[in-house]
Amino acid sequence: MYDELAAALEALVAGEPDGIANMANAAGLIWETLPDLNWTGFYRNLGEELVLGPFQGRPACIRIPFGRGVCGVAAATLELQRIDDVHAFDGHIACDSASESELVVPILRDGKLLAVLDLDSPRKARFTEADEAGCRRLAAILAAAI
Ligand code: SME
């Protein structure tokens, strides 16, 4: 699944320099491909906070300070966050009450945080090690395209 997803993403972003357009198509592709998601998209690093970028799903909170919520912790630590039960995560920001589990992948270029890729699921423990590895691949492709 992730082989195909990575190949499709490479093809979608090839030759397109606009990062917002590439994030928008990436969100659409992930949303259409991966099952059991209720939200997927991007928060961009605009200084001391993350700001909502292209996404699929319900309208979400717009600004997230570094260190707050799952996305903010990923941004502050530059570490991927795979959370089986978001209700057990201290400081989780509930944008959509349907969310039960979450995967957040920092997108870095030259060691600098560009954005985070956020996937939310209505199913507890939806994200596996395979999803973690697969989404790291997607983030690596996006690092050169946003
Ligand atoms: N739940 C996230 C906030 C973003 S939304 O899920 C779209 C968090 O705690 O970072």
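User: Which backbone does a nitrogen atom of the ligand sit 2.7 Å from?
Analyst: Ile-93: a backbone N or O atom there lies 2.7 Å from a nitrogen atom of the ligand. That's a polar contact, a pair of N or O atoms within 3.5 Å. Keep in mind this is a predicted model, where local features need pLDDT of at least 70 and side-chain atom pairs count only at 80 or more, while totals for chains, interfaces and linings use all residues. Numbering starts from 1 along each chain as its sequence is written, and side-chain values use heavy atoms, with hydrogens and water left out.

User: What does Glu-102 do with the ligand?
Analyst: An N or O atom in the Glu-102 side chain is 3.2 Å from a ligand nitrogen. On the oxygen side, a polar backbone atom of Val-70 is 3.0 Å from a ligand oxygen. The protein covers 99% of the 300 Å² of accessible area (Shrake-Rupley, 1.4 Å probe) that the ligand has on its own.

User: How many residues surround the ligand?
Analyst: 13, each with a heavy atom within 4 Å of the ligand. The closest are Val-70, Cys-71, His-92, Ile-93 and Asp-120.

User: Switching topic, how do E1 and E2 run?
Analyst: Antiparallel, with 6 bridges joining E1 to E2 (residues 49-57); strands pair if DSSP finds at least two bridges. Trp-39 has Gly-57 in E2 as its bridge partner. The two strands form a hairpin with 3 residues between them, and Gly-47 in the turn has a positive phi of about 100°.

User: And what joins E2 to E3?
Analyst: Another hairpin, through 5 residues. E2 and E3 (residues 63-65) run antiparallel with 3 bridges, and Glu-49 stands opposite Pro-65 in E3.

Methods:
Polar contact = N/O pair within 3.5 Å; in protein donor to acceptor, adjacent residues only side chain to side chain. Helix = DSSP H or I, 4+ residues; strand = E, 2+ residues; numbered from the N terminus.
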